[in-house]
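Here's a quick briefing to read alongside the model. Have a look at the structure first, then go through the points below.

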Amino acid sequence: MPADGLFHAENLSISFGGVKAVRDVSFEIAVGEVFSIIGPNGAGKTTVFNLISRFYDADTGRMTFAGEDMTGVPAHRIAELGIARTFQNTELFDRETVLDNLLVGRHVHRETSLASDILFLPKVRRQEVAFRRKVEDIIDLLDLQQHREAPVGSLPFGARKMVEIGRALCTEPKLLLLDEPSSGLNPEETEDLSFWIEDIVEDLGVTVAMVEHDMNLVATVSNRVLAMADGGVIAVGEATDIQSHPEVLRAYLGD
Amino acid sequence: MRFVLTTRYGQDVDVFRHGGERFWYALLGLVVLAAPWVVSPYNVGELALVFIWAIAGIGLMLLVGYTGLVSLGHAAFFAIGAYSHAILLGYGVPFVVSVPIAVALTAGVGALVGIPALRMTGVYLAVATLAFERIVAFTIEHSDPLTGGLRGMAVEQPSFFGLSIVNDQLFYYLCLGVLVVGLFGAKNLLRSPTGRAFVAVRDSEISAESMGVHLARTKTTAFAVSAGFTGLAGTLFAHKAGYLAPDAFTVQTSIQLLLLVVVGGLGSLHGVVFGAIFVGYLPQALAVARDVLPAAIGQIPGLELGVFGAILVLFLVFEPLGIYGRWLKIRAWFDEFPLYRRATHKRQKSYLRTERVH
Amino acid sequence: MSEVLQLLLSGLSQGCVYGLIALGFVMVYKATEMLNFAQGELMMVGAFVAFTVINLMGLPFVFGVPLTLVAMVAFGMGLERGVLRPMIGEPPFAVLMLTIGLGFVLRAVAGAIWGNEPRTLDVPFAGDVVNLGRIVLGVENLVVIAGTAVLCIALWLFFRYSRIGVAMQAASQNQLAAYYSGVPVKRITSLVWGISAAISATAGMLVAPIALIDPNMGLVGIKAFAAAIVGGFGSLPGAIVGGLVIGVAEQFAGRYLPAGAGEVSAFAILLIMLFVRPEGIFASLQQKKV
């Protein structure tokens, strides 16, 4: 176990109705890297993310984050630990503006209670202003100014994906999970995305783990790649090695 | 069209975002303050009732319009507020103490109802709240020593500054004051983390949770706050009615409250006020219509509820954003004339979202 | 002993009525994810239609019943086409409110057409009883139970073996997949509404000899929704079982507990169920995937 490991998964397994969706998966994510999970459809990649997000309870195995055991932490405390995520088909608050969506990302940093919120005490106002300052930084970083006041539901898909990344960043995560960030994006947007990911890692110091199909994007941004098939790990290594790994090729192309 | 130049973060946080809004609201405030000296005593009473509807409506709006949880049982909270206040007054508890206790009690019951709601989606919640309302009604009917059972109970009417609370103008200002405070309270919630958590739960539970929103606590809070507002309206209603009987709080009351939030416009506090005016004055409008219409139509039994239902259906099909939504469109038409495009306000639809796992 | 049997019988027959309304409610939900709170009103309309063709037009019972069913299928399909189809894609809450509104409208319209005085449906077996030793059973109650059983078997055969029934099941499990495999989802949805209206109408005709027909008779729908949930929302056999549980409990609570307890027992059972076993007697799981 290397000293700079941020996240560790040991022997994670889960089955749904007798089907093993994830079997005996172990890996680690190091601080400051971009870690990609690839594999054919149904390999269990998103399920791994859902296990990390604690939407599912693993049947076996354990997970640690920043040295602490997080196997039994409830889902709503994951953001507090420092793990934020996006979703394959985006899960935004559609009727709210971009600004309000990002503000929800600040939820974990709130220090006010129901009573002070109802009265809108001065400390609530101070907190709101501080929240907005942070949110505007993220809006600047991801170039979302022109959509600031637009309801998210009315935005094109590419913009929605960026809003979702922005919302995750507003929680100030240590680890950002991106579930197929390039799906639904055009080639130009995908190229932009690779720059954003680099910015996020370098400027904000956030570690990124992503599930991704686009091998170009994976090869461009990833430090390490984990290949999965049928719920199990088949290889871990650098992107170029993984792309030519015989087991990986077999998983993609079939026997 | 107005563009607001934002120069401070605090500006986005404010209730009124520019001077124009402040002016119009101040003018509205003056009109409302002057009304009791201008309109007939009958209408002063009716307006007070509209305010009471609006206060109850704030509660249901926070739950349905902002948290996305359905309740077909809000009449129960209205009743709990009214009865507990009346009972406390009967024991000699002063008005200013009794109201907060009644509100806290109602909020507490609301939180209890919220607990099963944690595990329930739309249909379960709708039916469960309905069941809850029936059980509360049953309990009230069978708690004779406290509530007077089916006979009902008289409400003590206290006096302030030598004026009885039944004085139309005093009561009007009381209700108005409570409504304004209530609207500010609700607005405050909505512009702070608690309210944003409500909305997050409404739009996507799964991502709310991944953003650190505690679903169970948020839903329970929403139920408690919602019940509290409706209970507060109930305490005022007790004085308006003067006499409480179980038949004043039925499923129909719950439905009227839902009509209020739907017709007013889901997800807006303006909608609460529009909806309250609508629900408050609809019976009068119908009474007038009955006289004008030929007897064959005017005397149909159940006409009032039928018209309620028809209006509900028409709004849902043609203007799901309610009166407030319509108002925004009219304003946009004037603002953007002659460039207004209908497509700006085109509705978005979401298709079956649940993927069932068998 | 005789009293217990009597209570059980009338509980079962009342439960059948709840169960049938719940069945219609669940069918529509499974096919469209719409909650039809006007399901009880469909029963009321069905009963009035039967009253019109049998009592007013003088058709014999055996012809009146099928005619009513056909009319109600058409009515259900018309409602779907006219009022509910434009609501596809709106949030579930809007649809729920719409059906509540629809229920009010149907009640007012029924009041306008047929008046508010309670009516009785002329049936050949009115008032007949069966004597089993010391136990006297009302034929009307037995007919309700027998009618429900026949209907359930017919529905089961329909879903199991007919092409259209299988298509309906497919559509209710995954609309999109069904659509891609060539199932005409819109037509199926219409038909589901039609069948569900006819099932409710059957409940109306079965209950009419016992209860009276009036515009507010659909209010028992509320208890049917409770039945649907007690049975395990989404399960068709569950709807019937839930109805029976509530019907029987109501009779016994009404007899042995303080006044008014019968009325409220359905809701008490529901709330207890929600705390103890929220998935209902026949669980059917549903979960959203991300």
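Keep in mind that this is a predicted model. Let's start in chain B, where the axes of helix H4 (residues 74-90) and helix H11 (residues 215-241) come within 7 Å and cross at roughly 50 degrees. Angles of 65 to 115 degrees would count as roughly perpendicular and those under 35 degrees as roughly parallel, so H4(B) is oblique to H11(B).

**The helix pair in chain B**

- H4(B) and H11(B) cross with a right-handed sense.
- On the H4(B) side, the contact is made by His74(B), Phe77(B), Phe78(B), Ala79(B), Ile80(B), Gly81(B), Ala82(B), His85(B) and Ala86(B).
- H11(B) answers with Ala227(B), Thr230(B), Gly231(B), Leu232(B), Ala233(B), Gly234(B), Thr235(B), Phe237(B) and Ala238(B).
- Sorted by class, this contact has 11 nonpolar and seven polar residues, with no charged ones.

**The two domains of chain A**

- Over in chain A, domain 1 comes in two pieces, 1-82 and 173-255, while domain 2 covers 94-171.
- The C-alpha centres of domain 1 and domain 2 of chain A sit 26 Å apart.
- Where the two meet, 12 residues of domain 1 of chain A are in contact with 10 residues of domain 2 of chain A.

**Domain 1's side of that contact**

- Helices H2 (78-81) and H7 (187-204) of chain A each supply at least two residues of the side of domain 1 that touches domain 2.
- H7(A) gives the most to this side, with five residues.
- By class, this side of domain 1 of chain A has eight nonpolar residues, three charged and one polar.

Technical notes. Residues are numbered from 1 along each chain as its sequence is written. Chains are lettered from A and ligands numbered from 1 in the order in which they are written. This is a predicted model: local features need pLDDT of at least 70, side-chain atom pairs count only at pLDDT 80 or more; totals for chains, interfaces and linings use all residues. Domain bounds come from an automatic or database domain assignment. Two residues are in contact if their C-beta atoms, placed from the backbone, lie within 7 Å. Helices (H or I, at least four residues) and strands (E, at least two) are DSSP runs, numbered from the N terminus. Ala, Val, Leu, Ile, Met, Phe, Trp, Tyr, Cys and Pro count as nonpolar, Asp, Glu, Lys and Arg as charged, and the others, Gly among them, as polar. Axes are lines fitted to C-alpha atoms, for helices over the stretch in contact, and angles run from 0 to 180 degrees between N-to-C directions. Angles under 35 degrees count as roughly parallel, over 145 as roughly antiparallel, 65 to 115 as roughly perpendicular and the rest as oblique. A crossing is left-handed if the near helix is turned anticlockwise from the far one by less than a right angle, and right-handed if clockwise.
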